[in-house]
Amino acid sequence: MAAPMAFNMARAAMGGSTEMAEKNISRYFSTLKPFFAVTNIYVIRKLYLLVNPWRHSPWSRQSTTRASANRGETETVYLQPREDINAPDMYIPLMSFVTYILLSALLYGLSGTFHPEMLGYTASSALGAVMFELVCLKLGCYLLSIGNSTLLDLVAYSGYKFVGVIFIILATAMTGSGWISWTVFGYFYLAQAFFLLRSLKYVLLPEDGQVEAANGYPMAPRQMRKRRTWFLFGYSYVVQFIFMMTLTSGVGKVKGA
Amino acid sequence: MAQFFSPPPQQQQGGYGAQNGLQFYQSQYGQVSGHTTPSQGGYGGFGGMGQMGTTPMVSSASGVAGDRGGLRMGWLAAFGTGGYDDEPPLLEELGVNFTHIKGKTLAVLNPLQTVDQHMMDDSDVAGPIIFCVLFGTFLLLSGKVHFGYIYGVALLGSISLHLLFNLMSPPTHSLNYIRSASVLGYCLLPLVFSSGLGVAYPLDGLVGYFLSVAAIVWSTYAASNMFVGVLGVREMRWLVAYPLALFYSVFGIMSIFGSKASGGVAPKL
């Protein structure tokens with residue numbers, strides 16, 4: 001007699017948890033969807049921009065006003081990637097990440113016996129590097145009181161380095177570990193650093209207004225601006241150097257060994 | 001006891017011929033004649049046995065079977081798929097529809113014709129699973145035992161592709177996972193062919209590379225046609241095709257490389 005009651009209670013509990021899970025998942029989905037609204041032309045232009053960022057002129061994202069959820073107000077939202085070349089997207093980073101994994105597995109395979117375990121090894125190590133960078137970014141955002149929506153933008157911008165990394169490992173595979181591959185590495189590292197510096201200037205450095213520090217007290221804008229500038233500088237140069245070295249170190253050298 | 005073993009099947013052999021394959025599918029998949037394909041004629045036997053429950057009872061066992069809702073008695077009937085009077089035939093109940101499977105396979109094999117957008121509405125995974133197992137079998141015959149990796153890559157890749165296409169699609173269209181897994185599995189067919197060729201002729205050479213690349217391009221073209229048609233994203237055509245190309249090239253890599261799968265080679269990282 002207690003069994004149907006217990007069954008109903010268990011079913012209600014399960015139903016409640018799946019509802020909550022579904023609500024959370026749909027919330028993640030709706031925040032990620034603007035990052036994937038891309039077109040063919042956007043991807044081509046953005047790839048060209050990543051390889052050749054030196055002469056690109058306006059780096060700020062465009063925004064429009066649109067009627068917000070509250071009635072009678074308008075809010076300014078950034079344009080989606082399909083309308084604005086400077087908007088970050090997650091399609092290119094994701095695809096270049098997967099291409100990097102497959103390409104490095106293929107290069108390992110061409111140098112010797114291929115085994116599908118290789119896919120798992122390279123996937124896990126690359127994923128580990130990305131996760132570590134994500135943790136560092138999250139820590140930086142917390143210390144500098146940067147919001148969560150900007151964290152997603154930062155993740156997208158950091159993923160662009162995989163495009164350069166793919167070119168580097170292709171060059172290393174084709175020409176060995178000599179001066180050509182170091183030149184290619186240097187070029188793409190500088191291109192990525194320049195791209196990040198220019199793009200993140202508008203994201204991280206606020207022009208006006210007070211910002212709050214991590215401990216809740218408002219901080220003078222100039223001090224916050226200086227901190228964030230240092231963060232931007234360190235992130236663009238030092239961190240990217242470390243990660244690009246790590247990602248390109250193991251691949252391609254197996255060919256000679 | 002003797003009345004159970006008095007052979008009702010023999011009495012209905014004549015009934016088979018008359019009713020065989022005429023009313024094979026009754027409800028949603030339309031009328032299919034048993035004479036069109038040999039496979040359906042072969043299964044007409046099952047259908048005929050399925051009809052045993054639905055035909056009006058022959059006199060000898062009617063008294064016994066009538067109060068069980070038409071269920072046939074006897075040990076021969078126990079091995080058949082006959083059931084109660086109001087049960088549909090077995091393959092229809094399982095949802096296996098050979099006409100649709102054949103139609104979808106032909107749509108993949110002939111990518112130059114326009115794809116009917118609603119063909120994939122009847123999504124089944126029986127065909128894709130058969131293709132995956134066939135792919136693994138051909139690889140096995142050429143010395144590469146990679147069944148686990150094939151299933152793993154297929155599952156992980158299809159889930160990620162489904163998530164990616166859901167994120168990329170406009171809000172008006174949507175996919176569910178079964179449908180995208182079904183499309184991906186059907187478009188694996190050209191790679192099954194190339195791995196079948198790999199049984200006889202080793203693919204690890206220039207001709208093999210060329211064949212595998214051609215098979216990957218064929219699969220990608222067919223799959224991207226179907227996805228672009230279902231999602232309605234014509235301006236993202238190449239963006240849809242690129243992840244599909246990556247997915248199928250993993251299968252292509254597995255079919256070219258990787259013979260003598262004994263132990264792993266740990267990379268120097």
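Modeller: What follows goes through the salt bridges one by one and then turns to the chains, a pocket and a surface patch. The model is a predicted one.

A search of the whole structure finds three salt bridges over all chains. One of them pairs the side chains of Asp153(A) and Arg61(A), at 3.6 Å from N to O. Asp153(A) belongs to helix α5 (residues 148-159) of chain A, while Arg61(A) is in the loop between α2 and β1 (63-67), so this pair ties together parts that are 92 residues apart in sequence. Both Asp153(A) and Arg61(A) are buried.

Another salt bridge is formed by the side chains of Glu133(A) and Lys161(A), with an N to O distance of 2.5 Å. Here the partners are both in helices of chain A: Glu133(A) lies in α4 (residues 117-143) and Lys161(A) in α6, so the pair ties together parts that are 28 residues apart in sequence. Glu133(A) counts as buried because its relative accessibility is 4%, under the 20% limit. Lys161(A) is buried too, with a relative accessible area of 2%.

The side chains of Arg82(A) and Glu235(B) also meet in a salt bridge, at 3.3 Å from N to O. Arg82(A) is in the loop between β2 (74-78) and α3 of chain A, and Glu235(B) is in the loop between α13 (206-231) and α14 of chain B; the pair therefore joins two chains. Arg82(A) has a relative accessible area of 34% and is partly exposed. Glu235(B), with 35%, is partly exposed as well.

Helices α3 of chain A and α14 of chain B come up again in the second largest pocket. About 350 Å³ of space lies in this pocket. It is lined by 15 residues, and the closest to its centre are Val43(A), Leu47(A), Ile92(A), Met95(A) and Tyr242(B). At least two lining residues each come from α2 (40-51), α3 (91-111) and α6 (161-175) of chain A and from α14 (237-256) of chain B. The largest share of the lining, five residues, is supplied by α3(A).

As for the chains themselves, chain A has eight helices and four strands. Along the sequence, its elements follow the pattern α-α-β-β-α-α-α-α-α-β-β-α. Of its 257 residues, 40% are buried. Among contacts in chain A between residues at least 6 apart in sequence, 73% join residues at least 24 apart. Chain A exposes about 14,500 Å², and carbon and sulfur atoms supply 65% of this area.

Chain B has 14 helices and zero strands. Buried residues make up 43% of its 269 residues. For contacts in chain B between residues at least 6 apart in sequence, the share that joins residues at least 24 apart is 70%. The accessible surface of chain B is about 13,700 Å², with 67% belonging to carbon and sulfur atoms.

Chain B also carries a nonpolar surface patch of about 400 Å², made by Val125(B), Ile129(B), Val133(B), Tyr151(B) and Ile178(B). Within this group, Tyr151(B) lies in helix α10 (residues 147-168). Tyr151(B) is partly exposed, with a relative accessible area of 40%.

Notes. Residues numbered from 1 in each chain as written. Chains lettered and ligands numbered in written order. Predicted model: local features only at pLDDT ≥ 70, side-chain atom pairs only at ≥ 80, totals over all residues. Heavy atoms only, no water. Patch = residues over 30% accessible without salt bridge, like charges linked within 9 Å, V, L, I, M, F, W, Y side chains within 5 Å. Areas by Shrake-Rupley, 256 points an atom, 1.4 Å probe, with all protein chains shown as cover. Salt bridge = Lys/Arg side-chain N within 4 Å of Asp/Glu carboxyl O. Buried < 20%, exposed > 50% of the residue type's maximum accessible area, 1.4 Å probe, protein only. Contact = heavy atoms within 4.5 Å. 1 Å grid on protein atoms, 1.4 Å probe; cavity = no way out; pocket = protein on both sides within 12 Å on 5 of 7 lines; lining within 4 Å. Points joined across faces, edges and corners; volume = space filled by probe spheres on them.
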